[in-house]
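Let's take a walk through this one together, with the structure open on your screen.

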Amino acid sequence: MDVQELGGVTVLVCPAAGEPVAGERQALDLLGDASYREASWVAVPVERLGAEFFRLRSGVAGAVVQKFAQYRSGLAVVGDIAAHVERSDALRDFVRESNRGGQLWFVADLPELAGRLANSVVMPGS
């Protein structure tokens, strides 16, 4: 894992390879690492999220996002989620609403995340 300054915000950037973020335990591990490294956001590549994350009925996304909200840390899902969104109207709505807020964003890449952070007024932990 790597800590980067993106858009003036300290972000824990996870590599594509590694343990899948499959629930609360992995979310807490990421949050602990982010806290230790004084990062207020965590960027997780799509590759680290299993198919269950994108099936909203499974509850995985809700559990992960709830942990990040509880600990006042932002979560950015980084990468192409078009295939998942095409299969689910509910997911499409979830992504759209999340991207309007200041807690969970779905972005194509780290430069997009940097731009959003630089232009954001609402940030977790503030």
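Find R37 to begin with: its relative accessible area is 33%, so this arginine counts as partly exposed. Keep in mind that you're looking at a predicted model. The side chain of R37 meets that of D33 in a salt bridge, at 2.8 Å from N to O. D33 has a relative accessible area of 18%, and because the cut-off for buried is under 20%, D33 counts as buried.

E38 is exposed, with 69% relative accessible area. Its backbone is worth a look too: E38 has a positive phi of about 60 degrees, although it is not a glycine. Most residues other than glycine have a negative phi. R72 gives you another case, with a positive phi of about 55 degrees, and it isn't a glycine either. You'll find R72 in the loop between α3 and β4, just after α3. At 47% relative accessibility, R72 counts as partly exposed.

That brings us to helix α3 itself, which covers residues 60-70. Which of its residues are buried? They are V60, A61, V64, V65, K67 and F68. Look down the axis of α3 and those buried residues fall within an arc of 155 degrees, so they line one face of the helix. What covers them? The elements over the buried residues of α3 include the helices α1 (24-36), α2 (51-54) and α5 (89-100). Strands are part of the cover as well, including β3 (41-45), β4 (74-78) and β5 (104-107).

Now pick out V77, which sits in strand β4. V77 is buried, with a relative accessibility of 0%. Leaving aside residues up to four places away in sequence, V77 touches V44, V46, L49, F53, L104, W105, F106 and V107. V77 and V42 are 35 residues apart in sequence, yet their C-alpha atoms are 8.6 Å apart in space.

How do the rings of F53 and F54 meet? The model has 3 aromatic pairs in total. In the pair of F53 and F54, the ring centres are 5.2 Å apart and the planes sit at 75 degrees, so the pair is edge-to-face. The other name is W105, where R116 lies over the face of the ring, 4.1 Å from its centre.

Let's finish with charges. Side chains of opposite charge can pair when their charged atoms come close. How many salt bridges are there? The count comes to 8, with R37 and D33 being one of them. Helix α5 holds R96 and D93, 3 residues apart, or about one turn of the helix. Their side chains meet in a salt bridge at 2.7 Å, N to O. R96 is partly exposed at 39%, and D93 is partly exposed at 37%. Also in α5, R100 and E97 lie 3 residues apart, and they form a salt bridge whose closest N and O atoms are 2.7 Å apart. R100 is exposed, at 59%, whereas E97 is partly exposed, at 45%. Elsewhere, salt bridges that share partners join E19, R25 and D29 into one network.

Notes. Residues are numbered from 1 along each chain as its sequence is written. This is a predicted model: local features need pLDDT of at least 70, side-chain atom pairs count only at pLDDT 80 or more; totals for chains, interfaces and linings use all residues. Side-chain values use heavy atoms; hydrogens and water are left out. Rings of Phe, Tyr and Trp (its six-membered ring) pair if their centres lie within 6.5 Å; planes under 30 degrees apart count as stacked, over 60 as edge-to-face and the rest as tilted. A charge sits over a ring if NZ of Lys or CZ of Arg is within 6 Å of the ring centre and within 35 degrees of the ring normal. Buried means under 20% relative accessible area, exposed over 50%, partly exposed in between (1.4 Å probe, protein chains only). Helices (H or I, at least four residues) and strands (E, at least two) are DSSP runs, numbered from the N terminus. The arc is that of the directions from the helix axis to the C-beta atoms. Contact means heavy atoms within 4.5 Å. A salt bridge is a side-chain nitrogen of Lys or Arg within 4 Å of a carboxyl oxygen of Asp or Glu.
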